[in-house]
Amino acid sequence: KPPIVVRELAEQLKLKPFKLIADLMELGVFANVNQAIDESVAQRICAKYGYRFEVEKRERGSGIIHAPIKKIEVDIEDKPEQLKPRAPVVTIMGHVDHGKTTLLDVIRKSDVVAGEAGGITQHIGAYTISFPHPERKNELQQITFLDTPGHAAFSAMRARGANVTDIVVLVVAANDGVMPQTLEALSHAQAAKAEIMVAVNKVDHPNANPMRVRQQLQEKGLVCEEWGGKTLFVDVSAITKQGVDKLLEAILLQAEIMELKANPDRRAKGNVIESGLEPGGPTATVLVRKGTLHLGDVVICGPFYGKVRALINEENKRLKEAGPSVAVKLLGLNGVPEAGLEFTVEENEKEARDIAEKRTMEARAMGQEARAKVTLENLFATM
Ligand code: GDP
Ligand code: MG
């Protein structure tokens, strides 16, 4: 392996050599610009500046040579002063037929700034509404709702360790009470470490018993505020629309307590909510978690990459950019990424292609390894 020389590392990290030497001294390593340092030390320095250290292999002729380091991913820790408030991301969960779809529809229509298109919307797996702040009524706040059927995106993202949902609204029909899927949803939400609120729906129903819902959930550890607990319960009816405004206000109050923030001034990063293949090519609805995604950005997502050709929101408007907590349908990827996958923005197309190719090869190698293992296991099993 070639040595990792201080000067070269400083160059790659875009640091002045003396700065790097000072950093090294902090780690108890004394070296001048022409000296080599250990890989483990280089790793710690790279991590400090938000880079991942990796030895790059380059094929040359028949042999392989090693270049010192390669920047792979820039994920610089955001400084507190770079963080700006962002909208909460909300998922509505609950037992089948308890009114999730109806409630999501009513909420969508509560948007106070719906464009002149006025409700002519397309389904992209998420939508953002604006709603007055509960106390400062002339201040509009945004809330993004994920509305993928069957919580597909929620589960896919959890499976990939990405929790994009800040708040889960657990819908329980007041006439039916807590049911098996209510508890299932509850445990999903708890595992995802989302804040949980309860919408007691169908309070218009003749057999509605909202108190029983509180009782049942108290037994599961969700104690409502009225009874000295921490969980917000809001009685609603998605049919009469009673309580829906209160629910939205409760979400905003909850979000305020959570102090949700993100740095909008960095390369975008987020997750795929939904994806598909349309006549114009592959599409992916992505939820931006950090940074701002722009037209023309080079996006990489799993094994796929491409230049952003269009960003389209749920009102079918073409956007130039999308910031934190905004969901947009993205056109330009060279394949259809699975829901839940993370996307990042790369410096240029070449870099993105390299990473995409590497991922494809890794996936292939892993497939082969898995097959080889299975074959071996079969072999042992028959012995
Ligand atoms: P989902 O399976 O949770 O998405 O439930 P839906 O939204 O499809 O609603 C199931 C049924 O309950 C539909 O027939 C709705 O019209 C009805 N429903 C939903 N919300 C209410 C409500 O607030 N009151 C009453 N009475 N019926 C409701
Ligand atoms: Mg439904």
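Predicted model: local features only at pLDDT ≥ 70, side-chain atom pairs only at ≥ 80, totals over all residues.
Colleague: Let's start with the whole protein. How many helices and strands are there, and what share of the residues is buried?

Modeller: The secondary structure comes to 9 helices and 22 strands. Buried residues make up 47% of the 383 residues.

Colleague: Why is Lys246 called exposed?

Modeller: Lys246 has a relative accessible area of 58%. You will find Lys246 in helix α8, residues 244-258.

Colleague: And what makes Asp23 buried while Lys19 is called partly exposed?

Modeller: Asp23 has 2% relative accessibility, and buried means under 20%, so Asp23 is buried. Lys19 is at 34%, which falls between the 20% and 50% limits, so Lys19 counts as partly exposed.

Colleague: How do you know that Lys19 and Asp23 form a salt bridge?

Modeller: Their closest N and O atoms are 3.0 Å apart. The cut-off is 4 Å between a side-chain nitrogen of Lys or Arg and a carboxyl oxygen of Asp or Glu, so the pair qualifies. Both residues lie in helix α2 (residues 17-26), 4 residues apart, about one turn of the helix. In general, an α-helix has 3.6 residues a turn, so residues three or four places apart point the same way.

Colleague: What makes Asp78 and Arg266 a salt bridge, and where do the two residues lie?

Modeller: The N to O distance is 3.3 Å, and the limit is 4 Å, so this pair also counts. The pair links distant parts of the chain, 188 residues apart: Asp78 is in the loop between β4 (63-67) and β5 (84-85), and Arg266 is in the loop between β12 (261-262) and β13 (269-278). Arg266 is called buried because its relative accessible area is 16% and the limit is under 20%.

Colleague: Why do you say that Glu256 and Arg136 tie parts of the chain together?

Modeller: Their side chains meet in a salt bridge at 3.5 Å, N to O. Glu256 lies in helix α8 and Arg136 in the loop between β7 and β8, so the bridge ties together parts that are 120 residues apart in sequence. Salt bridges that share partners join Arg136, Glu139 and Glu256 into one network.

Colleague: What makes the pairing of Asp204 with ligand 1 a polar contact?

Modeller: A polar side-chain atom of Asp204 lies 2.7 Å from a nitrogen atom of the ligand. The limit for a pair of N or O atoms is 3.5 Å, so the pair qualifies. The protein covers 72% of the 580 Å² of accessible area that ligand 1 has on its own.

Conventions:
Residues numbered from 1 in each chain as written. Chains lettered and ligands numbered in written order. Heavy atoms only, no water. Buried < 20%, exposed > 50% of the residue type's maximum accessible area, 1.4 Å probe, protein only. Polar contact = N/O pair within 3.5 Å; in protein donor to acceptor, adjacent residues only side chain to side chain. Areas by Shrake-Rupley, 256 points an atom, 1.4 Å probe, with all protein chains shown as cover.
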